[in-house]
Amino acid sequence: MIFHPAGSRPSIKADPDYFTGDVWIDPIIIAPEPATLRTLRVRFSPGGRTNWHSHGMGQTLYVVEGQGWLQVRGEAAKPLKPGDSAFIPADVEHWHGATSDTGMTHIAMQEEPKGKGAVWLEPVAENHYAAAASAKQA
């Protein structure tokens, strides 16, 4: 068994090469092989978000607080609120993050065989992010 008491692992500042804004990551579990589950709590400050990215085996998000956005490339952004969950299929390009005026925290779950994680792409352009916010007001 692997046991991590609450508060025993520090929060990690998200890599600015893959995230915009102030984003913090708290590992929940990074299962050892042969398991492949990786689960993280991700806290986005207002305006914080991921770059476009994909996961080889898909990703599940569960929102625990705040307000945010999830967008699959080529589709309209979907608002996120506490209690929402979403599964993004394998190799589907997407981004997720907080709204411009409210932070958001979600649990991110994905399978990462042999440590192969996300495929990171370009940042979400400011005008593209702003379009998601204006859709909320429509």
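This report walks through the fold, the sheet, the cores and the ring contacts of the protein shown above.

## Before we start

Keep in mind that this is a predicted model, in which local features need pLDDT of at least 70, side-chain atom pairs count only at pLDDT 80 or more, and totals for chains, interfaces and linings use all residues. Residues are numbered from 1 along each chain as its sequence is written, and side-chain values use heavy atoms, with hydrogens and water left out.

## The overall picture

The protein holds 1 helix and 13 strands. Both kinds of element are DSSP runs numbered from the N terminus: helices are H or I with at least four residues, and strands are E with at least two.

Of the 138 residues, 37% count as buried. Here buried means under 20% relative accessible area, exposed means over 50%, and partly exposed is in between (1.4 Å probe, protein chains only). Contact means heavy atoms within 4.5 Å. Among contacts between residues at least 6 apart in sequence, 69% join residues at least 24 apart.

## A six-strand sheet

Strands of a sheet pair through backbone hydrogen bonds, either parallel or antiparallel. In this report, two strands pair if DSSP finds at least two bridges between them. An open sheet of 6 strands has the order β1-β3-β4-β12-β7-β10, with antiparallel pairing. The edges belong to β1 and β10 (85-88), each with a single partner strand, so one side of each has no neighbour in the sheet.

Let's zoom in on one end of that order. Strand β1 (residues 12-13) pairs with β3 (residues 23-30) over 2 bridges in the antiparallel sense. Isoleucine 12 stands opposite isoleucine 25 in β3, while lysine 13 has tryptophan 24 as its bridge partner. Next, β3 and β4 (residues 37-44) run antiparallel and are joined by 7 bridges. Aspartate 26, for instance, has arginine 41 in β4 as its bridge partner. β3 and β4 form a hairpin, with 6 residues between them.

## Nonpolar cores

In soluble globular proteins, nonpolar side chains tend to be buried together. A nonpolar core is a set of buried Ala, Val, Leu, Ile, Met, Phe, Trp, Tyr and Cys residues joined through side-chain atoms within 4.5 Å. Which members of the largest core touch the most other members? Of its 16 residues, they are Phe19, Val23, Ile25, Val42, Phe44, Leu70 and Met104. The elements giving two or more residues to this core are β3, β4, β7 (59-66), β10 and β12 (104-111). The largest share, 3 residues, comes from β4. Apart from this core lies another one of 7 residues, including Trp52, Trp69, Val124 and Tyr129.

Leaving aside neighbours within four places in sequence, methionine 104 is in contact with several residues, among them Val42, Phe44, Val63 and Leu80.

## Rings that meet

Rings of Phe, Tyr and Trp (its six-membered ring) pair if their centres lie within 6.5 Å; planes under 30 degrees apart count as stacked, over 60 as edge-to-face and the rest as tilted. By this rule there are 3 aromatic pairs. Tyrosine 18 and tryptophan 120 have ring centres 5.0 Å apart and planes at 20°, so they are stacked. Tyrosine 18 lies in the loop between β1 and β2 (19-20) and tryptophan 120 in β13 (residues 119-120), so the pair ties together parts 102 residues apart in sequence. Tryptophan 120 also forms a tilted pair with phenylalanine 19, at 5.4 Å centre to centre and 55° between the planes. Tyr18, Phe19 and Trp120 form one aromatic cluster.

Is each of these residues buried or partly exposed? Phenylalanine 19 is buried at 11% relative accessibility, whereas tyrosine 18 is partly exposed at 32% and tryptophan 120 is partly exposed at 27%.
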